[in-house]
Amino acid sequence: MWRALRLSGAAAAIAWSVFPIAMVVLSSFKPQREIFAIPPQLVFAPTLDNYRRLVTEWPAFFPNMLNSLIVTTGATLLTVLCATLAGYVYARFRGRILALSAFFMVLVRMLPPIVVTLPLFPFFSWLQVNDTHFVLIVLYAAFFVSLATWIMRAFIDQVPRELEEAALVDGAGLFQVLRMVVLPLVVNGVIAASLFVIVYAWNEFIFALVFTTRIARTTPLVMSEMLSTTDGVDWGVLFAAATVQLAPILAFILAAQRYVIAGLTAGAVKG
Amino acid sequence: MTAGAAPLTAARPAARRARRLPGGTRPGASHYALLAPAQILLVGIILLPAIYVAWMSLQKVSFGADPVFVGLENYRALLADSVFWRAAWNTFLVVNAVVYGELLLGLGLALLVSGWMPYRKIVIALLIAPYAINEVSAVAMWRFVLEPDIGMVNWAMLQIGLGQLDWSADPADALVLAALLSIWIHTPFTFLILYAALQSVPQEIKEAATVDGANAWQSFRHVTLPFILPALLVALVFRYITAMRIFSEIWLLTEGGPARMTEVLAVYLYRAAFRYHEFGLASATAFAMVLLSLAVAAPYLYAAWLKMFRHA
């Protein structure tokens with residue numbers, strides 16, 4: 001009885017979180033006229049028509065997805081590089097200046113991202129870097145470097161210092177120690193830290209809306225155009241786009257589930 | 001995970017000396033240099049712009065003209081704008097609905113999953129799926145089932161005489177939908193933090209409580225809750241701070257309409273800056289959001305301050 005109750009609770013919770021996603025993915029394979037059929041058809045002849053129309057009617061979609069890929073990769077590399085260097089110092093050393101700078105890292109995490117668009121938009125257009133991958137990479141990295149640093153610090157903390165000392169005795173420099181000794185032992189931390197940046201950069205909307213127009217436009221933006229057309233939303237095409245956009249990131253999250261938990265524990269609760 | 005756990009009580013001097021490497025754990029110049037990339041990003045992209053916004057909020061800025069210092073004029077104009085007050089009120093309502101709705105749902109799910117549960121890994125994976133979904137897709141998904149008259153949930157509610165969620169015409173319904181959406185997207189975060197915290201509750205103490213005759217509620221209230229309280233508070237503060245930024249859900253649903261009835265602070269700011277080019281007004285809003293965020297974060301920041309300097 002108690003177990004049946006738990007199971008039905010779990011079923012309801014899963015329905016709540018998965019149902020909207022499943023509806024969209026399923027509907028993307030339906031012919032246009034059946035999408036709003038009531039009752040919804042679970043059995044239907046699947047078609048790739050929506051995907052065909054996505055390619056022909058929204059030629060910018062896949063180039064925009066490439067932009068998302070470039071920006072996500074760049075932001076992840078930049079974040080993890082900065083975070084590993086800083087995380088190492090916070091894990092290994094103590095001092096008032098370090099404590100102050102660590103506190104500053106936590107503090108800036110509290111500021112709302114939209115605030116920085118006001119000065120940065122005119123500044124970046126003066127530098128003529130608006131609508132470039134660079135702008136989004138730097139912005140995304142800045143807003144996640146703090147969480148990533150905390151995650152890296154937690155993982156580096158678990159690496160025994162003796163290993164480093166041995167390498168130092170053997171005459172290795174600081175960078176060599178980091179690259180050859182520390183980094184290979186904190187791969188899990190790198191994955192956990194990357195994960196949050198990847199999900200954020202792949203899905204981010206506001207900065208992309210403000211700072212990109214055409215050349216560096218990312219996938220969520222072209223999808224928002226599909227959503228806000230004045231002459232009625234073409235749901236079939238939108239669902240095809242949503243499916244293509246969410247499939248890789250969803251697969252990634254499900255595969256890397258345990259890193260999400262490890263990262264949140266190290267980055268949010270302990271930080 | 002006990003990573004990053006320097007002892008929570010102030011370490012005794014002898015113990016601290018013992019932990020130090022030869023040469024001490026004071027950083028050298030090269031170590032400070034390792035901090036530079038991260039700190040430069042934070043200062044250049046977040047801190048300086050945030051300070052500059054404070055200065056901008058005291059200026060009258062318009063295109064093609066030099067900024068003129070106007071003191072608190074922008075704040076006076078902001079406080080006199082009824083649209084701003086509606087945006088602030090809407091934000092207050094949505095944020096509280098989202099934060100507490102999510103906390104209850106997240107706690108419920110965490111308790112459910114950490115008890116008896118077959119295929120736990122798969123269940124967790126399915127529950128955190130919304131975390132991977134971008135806001136545009138999420139809005140599309142929810143609009144699809146709640147499209148007035150024809151979305152299946154609205155259609156079903158109409159059939160059984162409940163009336164529908166008429167978000168495209170009714171501002172209150174639009175805010176309800178935005179809150180639901182936001183809860184849907186962000187519950188995985190709250191759920192996972194609380195789930196991880198529940199894993200740290202020692203099983204023996206719970207068993208001891210049961211042996212002593214505590215019922216499920218007493219065991220939760222007096223054993224589980226004290227253990228997960230820190231995580232609960234962290235989730236609460238974090239979600240308050242991030243929920244206050246709510247933008248995309250509203251923007252993609254209604255753009256703040258009809259008649260600016262459903263704006264929240266971030267939408268008000270965005271409109272002022274990028275639609276009406278009222279940069280003074282937008283900056284005043286932005287700085288108000290900064291102060292609000294810091295005020296909400298103050299207890300968390302204070303705790304972080306104490307913790308960091310205790311080990312310094």
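Predicted model: local features only at pLDDT ≥ 70, side-chain atom pairs only at ≥ 80, totals over all residues.
Residues are numbered from 1 along each chain as its sequence is written, chains are lettered from A and ligands numbered from 1 in the order in which they are written, and side-chain values use heavy atoms, with hydrogens and water left out.

Chain A contains 13 helices and zero strands, where helices (H or I, at least four residues) and strands (E, at least two) are DSSP runs numbered from the N terminus. Along the principal axes, the C-alpha atoms of chain A fill a box of roughly 70 × 65 × 35 Å. Of the 271 residues in chain A, 59% are buried; buried stands for under 20% relative accessible area, exposed for over 50%, and partly exposed for what lies in between, with a 1.4 Å probe and protein chains only. Contact is taken as heavy atoms within 4.5 Å, and among the contacts in chain A between residues at least 6 apart in sequence, 76% join residues at least 24 apart.

The largest nonpolar core has 210 residues, and A:Tyr140 and B:Phe191 are the members that touch the most others. Such a core is a set of buried Ala, Val, Leu, Ile, Met, Phe, Trp, Tyr and Cys residues joined through side-chain atoms within 4.5 Å. Helix α6 (residues 133-157) of chain A gives the most to this core, namely 18 residues. Once residues up to four places away in sequence are set aside, A:Tyr140 touches A:Val71, A:Ala75, A:Tyr200, A:Ala201, A:Glu204, A:Phe207 and A:Ala208.

The structure also holds four cavities of 30 Å³ or more. On a 1 Å grid over the protein atoms alone, a cavity is a set of points where a 1.4 Å probe fits but cannot get out, and its lining residues have an atom within 4 Å of a point. Grid points are joined across faces, edges and corners, and the volume is the space filled by probe spheres set on the points. The largest cavity has a volume of about 1200 Å³. Its lining has 42 residues, of which A:Phe144, A:Tyr200, B:His186, B:Thr242 and B:Arg245 are the closest to its centre. Helix α8 (residues 171-199) of chain B supplies the largest share of this lining, with six residues. By residue type, the lining of the largest cavity divides into 30 nonpolar, six polar and six charged, where Ala, Val, Leu, Ile, Met, Phe, Trp, Tyr, Cys and Pro count as nonpolar, Asp, Glu, Lys and Arg as charged, and the others, Gly among them, as polar.

A:Arg53 lies in helix α2 (residues 49-57) of chain A and counts as buried at 16% relative accessibility. Leaving aside neighbours within four places in sequence, A:Arg53 is in contact with A:Gln32, A:Trp58, A:Asp234, A:Gly236 and A:Val237. A:Gln41, in the loop between α1 (2-27) and α2 of chain A, is partly exposed with a relative accessible area of 34%. Not counting residues up to four places away in sequence, A:Gln41 touches A:Lys30 and A:Glu34; the C-alpha atoms of A:Gln41 and A:Lys30, eleven residues apart along the chain, are separated by 9.2 Å.

In chain B, B:His31 sits in helix α2 (residues 29-56) and is buried, with a relative accessible area of 15%. Beyond its neighbours within four places in sequence, B:His31 is in contact with A:Val89, A:Phe93 and A:Leu174, while its side chain reaches the backbone nitrogen of B:Gly28 at 2.9 Å. The C-alpha atoms of B:His31 and B:Phe191, which are 160 residues apart along the chain, are separated by 37 Å.

The backbone of chain B also deserves attention. Most residues other than glycine have a negative phi, and most peptide bonds are trans. B:Tyr119, in the loop between α4 (82-114) and α5 (120-128) of chain B, has a positive phi near 50° and is exposed, at 66% relative accessible area. B:Glu255, in the loop between α11 and α12 of chain B, has a positive phi of about 55° and is partly exposed, at 30%. A cis peptide bond, with omega about -5°, joins B:Gly257 and B:Pro258, and B:Pro258 lies in the loop between α11 (248-253) and α12 (265-274) of chain B.

Note on methods:
1 Å grid on protein atoms, 1.4 Å probe; cavity = no way out; pocket = protein on both sides within 12 Å on 5 of 7 lines; lining within 4 Å. Polar contact = N/O pair within 3.5 Å; in protein donor to acceptor, adjacent residues only side chain to side chain.
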